[in-house]
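Trainee: Could you go through this one with me? I'd like to start with side chains and then move to the overall arrangement.

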Amino acid sequence: MLSVRKEMRDRHLIAVMADADMVTGMLLAGIGTTDPLHGPNYHISDHKTPIDALEDAFKRLTARKDVAVLLITQPVADRIRHVVDDYEQVLPSLLEIPSKDSPYDMDKDSLLRRINRLCGAD
């Protein structure tokens, strides 16, 4: 537990992977930053964004030592579900959120599936 607290001390950013409207809303809410070393803490995606670009953005954002939480819309997570399901780090925490165009589906959420598996509900 001590190592998680120590690692959490330096993590203060929220990152986001979503469509342009969601990212714009998050930036207006004040979460946006562009670090000269790491680049922006967000990635704008749509249905035309290549899978490899989404995978690269996910890996870049989850590798950052200053990010505490990565918000990812379910449609984006669905496109790279194999990478999202393989993600096992505690930090940054990964939270799937609904998008404006599609409702939230609890059955797809990787975090809830892990929790259900740990509780024996699977």
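Trainee: Are Phe58 and Tyr87 buried or exposed?

Mentor: Bearing in mind that this is a predicted model, both Phe58 and Tyr87 come out as buried.

Trainee: And how many aromatic pairs does a search of the whole structure find?

Mentor: The search finds 1 aromatic pair. The ring centres of Phe58 and Tyr87 lie 5.5 Å apart with their planes at 85°, and because planes over 60 degrees apart count that way, the pair is edge-to-face. This pair links distant parts of the chain, with Phe58 in helix H3 (residues 51-63) and Tyr87, 29 residues apart from it, in the loop between helix H5 (81-86) and strand S6 (93-97).

Trainee: Switching to the sheet, what is the strand order?

Mentor: The order is S4-S1-S5-S6, in an open sheet of 4 strands with parallel pairing. Strand S4 (42-44) and S6 are the edge strands, each pairing on one side only, and neighbouring strands are turned by 20° against each other on average, direction ignored.

Trainee: Which strands does H3 touch?

Mentor: H3 packs on the sheet and touches S1, S4, strand S5 (67-73) and S6, while its direction makes about 170° with that of S1.

Trainee: How many bridges join S1 to S4?

Mentor: Strand S1 (residues 13-18) runs parallel to S4 and is joined to it by 3 bridges; Met17, for instance, has His43 in S4 as its bridge partner.

Trainee: Last topic: what caps the N-terminal end of H2?

Mentor: Asp19 caps helix H2 (residues 20-28) there, with a side-chain oxygen 3.1 Å from the backbone nitrogen of Asp21. Just after H2, Gly30 adopts a positive phi of about 105°.

Note on methods:
Residues numbered from 1 in each chain as written. Predicted model: local features only at pLDDT ≥ 70, side-chain atom pairs only at ≥ 80, totals over all residues. Heavy atoms only, no water. Polar contact = N/O pair within 3.5 Å; in protein donor to acceptor, adjacent residues only side chain to side chain. Helix = DSSP H or I, 4+ residues; strand = E, 2+ residues; numbered from the N terminus. Phe/Tyr/Trp six-rings, centres within 6.5 Å; stacked < 30°, edge-to-face > 60°. Buried < 20%, exposed > 50% of the residue type's maximum accessible area, 1.4 Å probe, protein only. Pairing = 2+ DSSP bridges. Axes fitted to C-alpha atoms, helices over the stretch in contact; angles between N-to-C directions. Contact = heavy atoms within 4.5 Å.
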